Amino acid sequence: MTEFLCKYKTFYFIIPDKPGYLWSELQNTLVAEKNQRNQRITVNVYSQLGDESAVLYYLEDARQKNASIVILTALMTDRIRSEIKELLRNALVILLSEYDVVINCPYVGNDPFLDGKKMGHLYQEKYQDRHLIIL
C-alpha cells in the first residue's frame, strides 16, 4: 500500500546542510531511494538554518511544481509560516526537526523541553550531592 501511495506523490525536501553528518546522510538516503524506486523526490539543500530567503524560494518552487508532500527543516518566521499556510491548500507539509505550531502541519522530531527536563532528572538522580550552576 505504501509503495502504491508513494508512486503517485511528489516529495519535495527542504533541508539545511549543517550539521553535515546528519543532513548529508538523509540526502544520500533520499537520492538512493529516488534512484532505486524511481520516486519523484526533489531535495533542496540550503546553507544556513536561518536563511529565510532561500526557504521562501524553495517553498514557492514546491508550490509551482505542485509538490504533494513537502518536508521542511527551517527556523520559522512569519513569512515562512504564511507560505506554508498557502502550500497546505494543496499539499501535506511536514516540519522536520524544527518545531512550530502551524495548524494541519505535523511535526517530526524531539521535544527539547521534555528532553531537557529528563536530562535534569537523570542528573539529579546520579549526582544528588552536587549543585547545578548555570552560567
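**Backbone, charges and cores**

Author: Asn 104 sits in the loop between β4 and β5 (107–108). Helices (H or I, at least four residues) and strands (E, at least two) are DSSP runs, numbered from the N terminus.

Reader: Before we go on, what kind of model is this?

Author: This is a predicted model, where local features need pLDDT of at least 70 and side-chain atom pairs count only at pLDDT 80 or more, while totals for chains, interfaces and linings use all residues. Residues are numbered from 1 along each chain as its sequence is written, and side-chain values use heavy atoms, with hydrogens and water left out.

Reader: Fine. What is phi at Asn 104?

Author: Near 65°, a positive value in a residue other than glycine. Most residues other than glycine have a negative phi.

Reader: Is Asn 104 buried or exposed?

Author: Asn 104 counts as exposed, at 65% relative accessibility. Buried means under 20% relative accessible area, exposed over 50%, and partly exposed in between (1.4 Å probe, protein chains only).

Reader: What about Asn 66, where is that?

Author: Asn 66 lies in the loop between α3 and β3. Its phi is near 55°, again positive in a residue other than glycine. Asn 66 is exposed, at 63% relative accessibility.

Reader: Switching to charges. How many salt bridges?

Author: Nine salt bridges. The rule is a side-chain nitrogen of Lys or Arg within 4 Å of a carboxyl oxygen of Asp or Glu. Side chains of opposite charge can pair when their charged atoms come close.

Reader: Start with Glu 52. Which residue does Glu 52 bridge to?

Author: Arg 79, with the closest N and O atoms 3.2 Å apart. Glu 52 is in helix α3 (residues 52–64) and Arg 79 in helix α4 (residues 78–87), so the pair ties together parts that are 27 residues apart in sequence. Glu 52 is partly exposed at 22%, and Arg 79 is exposed at 52% relative accessible area.

Reader: And Arg 63, what does that side chain meet in helix α4?

Author: Glu 83, in a salt bridge of 2.8 Å, N to O. Arg 63 lies in α3 and Glu 83 in α4, so this pair joins parts that are 20 residues apart in sequence. Glu 83 is buried, with a relative accessible area of 15%.

Arg 63 also bridges Glu 60, with the closest N and O atoms 2.6 Å apart. Both of those lie in helix α3, three residues apart, about one turn of the helix. Arg 63 is partly exposed at 30%, and Glu 60 is partly exposed at 28%.

Reader: Which residues are linked in the network?

Author: Glu 60, Arg 63, Glu 83, Glu 86 and Arg 89 are linked by salt bridges.

Reader: Now rings. How many aromatic pairs?

Author: Three. Rings of Phe, Tyr and Trp (its six-membered ring) pair if their centres lie within 6.5 Å; planes under 30 degrees apart count as stacked, over 60 as edge-to-face and the rest as tilted. Among the pairs, Tyr 57 and Tyr 58 have ring centres 5.5 Å apart and planes at 70°, so the pair is edge-to-face.

Reader: Are Tyr 57 and Tyr 58 buried or exposed?

Author: Tyr 57 is exposed, at 56%. Tyr 58 is buried, at 17% relative accessible area.

Tyr 123 and Tyr 127 also pair, with centres 5.1 Å apart and planes at 45°, so that pair is tilted. Tyr 123 is partly exposed at 28%, as is Tyr 127 at 26%.

Reader: On to the inside. How many residues are in the largest nonpolar core?

Author: The count is 21 residues, and those with the most contacts inside it are Ile 14, Leu 59, Val 70, Leu 72 and Ile 84. Such a core is a set of buried Ala, Val, Leu, Ile, Met, Phe, Trp, Tyr and Cys residues joined through side-chain atoms within 4.5 Å.

Reader: Which elements supply it?

Author: β1 (10–16), α3, β3 (69–72), α4 and β4 (92–96) each supply at least two residues. Helix α3 gives the most, with six.

Reader: What does Leu 72 touch?

Author: Ile 14, Val 55, Leu 59, Ile 84, Ile 94, Leu 95 and Leu 96, not counting residues up to four places away in sequence. Contact here means heavy atoms within 4.5 Å.

Reader: What does the second core include?

Author: The second core is separate and has ten residues, including Phe 11, Ile 15, Leu 30 and Ile 71.
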